[in-house]
Amino acid sequence: YGRPLPFFQGVTDVVKGRVALVGDAAGMVDALSGEGIFYALKGGTILAESLDRAFTENLGTLDPYRDRLEETVFKELRWSARLANVFFKFPKKCYEHGVKRPQVVEWIKRVVVSESSYDEIYGKIWDEIKSRVSSRALATIGLG
């Protein structure tokens, strides 16, 4: 059975008491590509390291987990959400000025094979979009 993907919505409340959410449960799904396994693994690794630190240092909290997610995974997913918003509002323009351009495809390929981060690539793509889509059009969807 198919289910809707829990795309990242900017909600970062992934820790409550002794419970921590990871992967789909934490909304760690890339809004542009639908990728979630990478983020589930990355989030799980960060949680394991945070648990180790919490036990070693007797912290009594999993706040370091949330903080590390903010610095890494959530930062990347915010870029993805911004780009997905533009792409799905202006698919023809994004296809013409993005997907058809070999440089943009090469940037995305580098992310897929882990030679670069989404954060770095999305920043480049975002700069391309801003240079090609009017600021007025971006403002209409809250990105101007």
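A residue counts as buried when its relative accessible area is under 20%. In this predicted model, Ser80 has a relative accessible area of 0%, so Ser80 is buried. Ser80 sits in helix H3. Leaving aside residues up to four places away in sequence, Ser80 touches Asp30, Ala31, Leu32 and Tyr122.

The contact with Asp30 is also polar. The side chains of Ser80 and Asp30 are joined by a polar contact of 2.5 Å. Asp30 itself belongs to the loop between strand E2 (19-20) and helix H1 (37-56). A second polar atom pair involves the backbone: the nitrogen of Leu32 lies 2.7 Å from a polar atom of the Asp30 side chain. Asp30 is buried, yet has no salt bridge. Which side chain of opposite charge is nearest to Asp30? It is that of Lys42, 11 Å away. A salt bridge requires a side-chain nitrogen of Lys or Arg within 4 Å of a carboxyl oxygen of Asp or Glu. Not counting residues up to four places away in sequence, Asp30 touches Phe7, Tyr39, Tyr118 and Tyr122, along with Glu35, Leu77 and Ser80.

Helix H3, which holds Ser80, spans residues 73-89 and has 17 residues. From its first C-alpha to its last, H3 reaches 24 Å, close to the 24 Å expected at 1.5 Å a residue. The buried residues of H3 are Val73, Phe74, Glu76, Leu77, Trp79, Ser80, Leu83, Ala84 and Val86. Other helices contribute to their cover. The covering elements include H1, helix H2 (63-71), helix H4 (91-99), helix H6 (118-132) and helix H7 (135-140).

Aromatic pairing was examined next. Across the whole structure, three aromatic pairs were found. One of them joins Phe8 and Phe74; the ring centres are 5.1 Å apart and the planes meet at 25 degrees, so this pair is stacked. The pair links distant parts of the chain. Phe8 lies in the segment before strand E1 (15-16), Phe74 lies in helix H3, and 66 residues separate them. Both partners are buried: Phe8 has 5% relative accessibility, and Phe74 has 0%. Another pair is formed by Phe38 and Tyr39. Here the ring centres are 5.2 Å apart and the planes stand at 80 degrees, so the arrangement is edge-to-face. Phe38 is partly exposed, with a relative accessible area of 35%, whereas Tyr39 is buried at 0%. Tyr39 is also one of the residues that Asp30 touches.

Asp63 is in helix H2. With a relative accessibility of 32%, Asp63 counts as partly exposed. Asn58 is placed in the loop between H1 and H2. Its relative accessible area is 68%, so Asn58 is exposed. What is the phi of Asn58? It is near 50 degrees, a positive value in a residue other than glycine. Most residues other than glycine have a negative phi.

Conventions. Residues numbered from 1 in each chain as written. Predicted model: local features only at pLDDT ≥ 70, side-chain atom pairs only at ≥ 80, totals over all residues. Heavy atoms only, no water. Helix = DSSP H or I, 4+ residues; strand = E, 2+ residues; numbered from the N terminus. Buried < 20%, exposed > 50% of the residue type's maximum accessible area, 1.4 Å probe, protein only. Lys, Arg positive; Asp, Glu negative; His and termini not counted. Polar contact = N/O pair within 3.5 Å; in protein donor to acceptor, adjacent residues only side chain to side chain. Contact = heavy atoms within 4.5 Å. Expected span 1.5 Å × (residues − 1). Phe/Tyr/Trp six-rings, centres within 6.5 Å; stacked < 30°, edge-to-face > 60°.
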